[in-house]
Amino acid sequence: MTDDDKVAAAEQAQNPDNEDGEVEASPEVHFEPVVKLEQLEEVKTFEEDEDVLFKIRAKLFRFDKPTNEWKERGTGDAKLLRHKVTSKIRMLMRRDKTHKICANHYITQDMKLTANVGSDRSWVYQVLADFAEGEARPETLAIRFGNSENAEKFKQEFIKCQALNHALENAESGNEAKAEDVLGEKEDSDDDEDDEETDL
């Protein structure tokens with residue numbers, strides 16, 4: 001009789017009801033984790049201070065000038081976000097699963113959406129300052145949608161956001177001009193007061 005046969009015979013003697021020598025499962029099995037994970041504090045994405053004006057699924061590409069080819073940046077939801085305080089609108093796109101930013105730029109008046117050659121469901125445009133890589137870089141981007149209807153919806157919303165940002169910039173520059181006028185008038189009145197004081 002070998003050692004394995006002896007072990008099997010000993011188990012059979014201990015459990016006469018269990019003919020196969022199998023161990024019955026216990027419903028109260030509990031294992032302590034080797035490493036305890038701490039609850040993370042709330043992670044800020046800086047989207048909390050913004051309202052989503054438009055959201056659509058898309059794939060983003062960037063043009064790499066040294067290799068002269070398009071490189072995929074990621075697939076995910078392209079969002080047009082308006083800041084609750086400043087009212088400025090930006091485009092933000094994060095990759096699926098990893099949530100890494102692949103597009104992050106303000107929508108400015110100088111951006112022109114042009115149809116991509118041979119496709120009615122994608123647009124190409126240039127950005128002076130895209131912050132997806134952490135620092136501002138000029139980029140040529142192409143955004144592709146599932147169908148031409150989604151591409152057209154995106155274009156309409158993009159143009160609306162351009163107009164809103166442009167109106168906001170004009171209002172800000174108009175306010176600055178008014179502030180300069182007020183400051184200029186105040187300085188003139190201060191000079192008049194100084195002249196009156198010297199006359200006395």
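I began with the second largest pocket, which holds about 180 Å³ of space. I'm working from a predicted model here.

Which residues line this second largest pocket? I noted down Phe46, Glu50, His83, Thr86, Lys88, Arg90, Asn104, His105, Tyr106 and Phe131. Strand β4 (residues 101-106) gives the largest share of that lining, with 3 residues. By type, I get 3 nonpolar, 4 polar and 3 charged residues.

Next I looked up the largest pocket. Its space comes to about 230 Å³. The elements that put two or more residues into its lining are β1 (50-64), β6 (122-130) and β7 (137-144). I counted 16 lining residues in the largest pocket, and Gln126, Val127, Pro138, Glu139 and Thr140 are the ones nearest its centre. Which element gives the most to the lining of the largest pocket? My note says β6, with 5 residues. Sorted by type, the lining of the largest pocket has 7 nonpolar, 2 polar and 7 charged residues.

Is Lys79 buried or exposed? I put it down as buried, because its relative accessibility is 18% and the cut-off for buried is under 20%.

What does the side chain of Lys79 make a polar contact with? I found the side chain of Glu47, at 3.0 Å. Leaving out residues up to four places away in sequence, Lys79 touches Glu47, Phe54, Lys55, Arg90, Met91 and Leu92.

Terms used: Residues numbered from 1 in each chain as written. Predicted model: local features only at pLDDT ≥ 70, side-chain atom pairs only at ≥ 80, totals over all residues. Heavy atoms only, no water. 1 Å grid on protein atoms, 1.4 Å probe; cavity = no way out; pocket = protein on both sides within 12 Å on 5 of 7 lines; lining within 4 Å. Points joined across faces, edges and corners; volume = space filled by probe spheres on them. Helix = DSSP H or I, 4+ residues; strand = E, 2+ residues; numbered from the N terminus. Nonpolar A, V, L, I, M, F, W, Y, C, P; charged D, E, K, R; others polar. Buried < 20%, exposed > 50% of the residue type's maximum accessible area, 1.4 Å probe, protein only. Polar contact = N/O pair within 3.5 Å; in protein donor to acceptor, adjacent residues only side chain to side chain. Contact = heavy atoms within 4.5 Å.
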